[in-house]
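Have the viewer open as you read.

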Amino acid sequence: MTVSLLTACGFTTQAAEAEQGPASIPGLTFDHSMELLYAQEFSVDYYEDGYALISIGLEGQYLVIPEGKETPEGLDGDITVLMQPLDRIYLVATSAMDFFRAIDGIGAIRLSGTKESGWYIPEAVSAMESGDMIYAGKYSAPDYERILSEGCDLAIESTMIYHNPEVKEKLEQFGIPVLVERSSYESHPLGRTEWIKLYAVLLGCEEQAEAIFAEQASILESLQTEELTGKTAAFFYINSAGMVNVRKSNDYVSKMISLAGGKYLPEDTGAEDNALSTMNMQMEEFYAKTKEADFIIYNSTIDGELETIDDLLAKNGLLADFKAVKDGNVWCTGKNLFQETTGLGTMIEDIHTMLVNEDPELQELTYMHRLK
């Protein structure tokens with residue numbers, strides 16, 4: 001039995017488009033659609049003369065107008081117009097920064113919704129240190145005066161913006177288009193990574209994005225020939241209240257472990273209870289369900305990286321009884337893991353290496369390190 005690619009079926013956006021055909025835009029001639037392998041939450045249709053129509057899940061459509069071109073007369077009022085060049089972007093969706101980094105587009109981000117201390121992408125930190133990128137307030141409290149004075153030409157938000165819908169409305173009232181991205185809703189890990197193609201459309205560098213994505217897809221494809229390892233792995237962190245935060249079995253992290261040839265624990269994590277991808281459980285319950293896991297991966301992105309087994313046991317002494325702790329098979333993610341969205345194929349490869357490499361001297365992987 002080999003590792004399954006878990007290729008997505010029933011593509012929501014693309015399936016609907018296949019039935020309806022590309023949107024008819026007055027004055028534009030349809031050319032072709034972007035090929036997507038895993039992403040379900042967006043599609044892109046190209047029209048002659050460089051126009052591109054981005055459709056995002058439940059969020060709407062965005063027509064990218066090439067520099068020097070005009071907005072088509074009679075364009076549907078529900079389609080948001082994005083005029084290139086887009087080089088004064090207010091980026092609030094942190095997951096998108098790595099896509100811009102990978103396509104050499106950090107320079108297009110003038111305004112950040114995250115402070116310098118919150119970034120783990122070196123290029124973003126450098127841009128903020130130099131003043132090329134400036135903080136303009138978080139998603140719920142943007143600095144409208146600064147955003148307007150900087151000539152912002154696009155705000156990129158996560159769906160968190162719907163907790164404060166008045167912010168989106170106000171930005172749009174000021175004439176700033178708002179693109180709400182949904183990469184976190186992708187069911188397949190590489191569906192998230194494939195969003196690099198969408199951001200490349202905004203900057204006009206699709207070939208570069210395609211090459212980056214193809215590299216990650218090829219890593220995953222190479223694992224198809226690998227046998228299932230029979231190894232189990234838990235992925236979690238312990239919150240300030242002492243509860244264990246775990247991923248649900250349908251979450252993309254759980255799927256990465258499966259794609260790497262392992263089996264995620266705990267198995268029965270209420271995948272359909274609600275839209276959240278994580279859940280908390282008492283340590284006693286976690287102990288009962290994961291004590292025999294072959295590997296532990298500690299998620300450092302919330303409360304900081306661990307370096308030693310003692311650091312882990314300081315979280316809760318019950319962990320000393322875990323098989324993985326006794327065997328020295330405890331790993332910790334880097335804090336950069338969830339911001340480096342272009343590397344999910346590499347993360348799957350890391351997990352696979354962890355599962356199959358029995359060398360105790362192996363201490364460092366791209367996104368994880370072994371606790372000493």
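Let's start with Asn-245. Leaving aside its neighbours within four places in sequence, this residue is in contact with Phe-235, Phe-236, Tyr-237, Thr-278, Met-279 and Asn-280. Keep in mind that this is a predicted model. Asn-245 sits in strand S12, which spans residues 244–247. Its relative accessibility is 9%, so Asn-245 counts as buried. With Thr-278, the link is a polar contact between the two side chains, at 3.5 Å.

Now for the charged pairs.

| Salt bridge | N to O distance |
|---|---|
| Arg-88 and Glu-150 | 2.7 Å |
| Asp-98 and Arg-101 | 2.5 Å |
| Lys-323 and Asp-327 | 3.1 Å |

Arg-88 forms its salt bridge with Glu-150. This pair links distant parts of the chain, 62 residues apart: Arg-88 is in the loop between strands S5 and S6, and Glu-150 in the loop between helix H4 and strand S9. Arg-88 is partly exposed at 30% relative accessibility, while Glu-150 is buried at 17%.

Asp-98 and Arg-101 are three residues apart in helix H2, and therefore separated by about one helical turn. Asp-98 is buried, with a relative accessible area of 1%, whereas Arg-101 is partly exposed at 25%.

Lys-323 and Asp-327 also lie about one turn apart, four residues along helix H12. Here Lys-323 is partly exposed at 28% relative accessibility, and Asp-327 is partly exposed at 44%.

Finally, Glu-41, Glu-59 and Arg-182 are joined in a network of salt bridges.

How values were computed:
Residues numbered from 1 in each chain as written. Predicted model: local features only at pLDDT ≥ 70, side-chain atom pairs only at ≥ 80, totals over all residues. Heavy atoms only, no water. Helix = DSSP H or I, 4+ residues; strand = E, 2+ residues; numbered from the N terminus. Buried < 20%, exposed > 50% of the residue type's maximum accessible area, 1.4 Å probe, protein only. Polar contact = N/O pair within 3.5 Å; in protein donor to acceptor, adjacent residues only side chain to side chain. Contact = heavy atoms within 4.5 Å. Salt bridge = Lys/Arg side-chain N within 4 Å of Asp/Glu carboxyl O.
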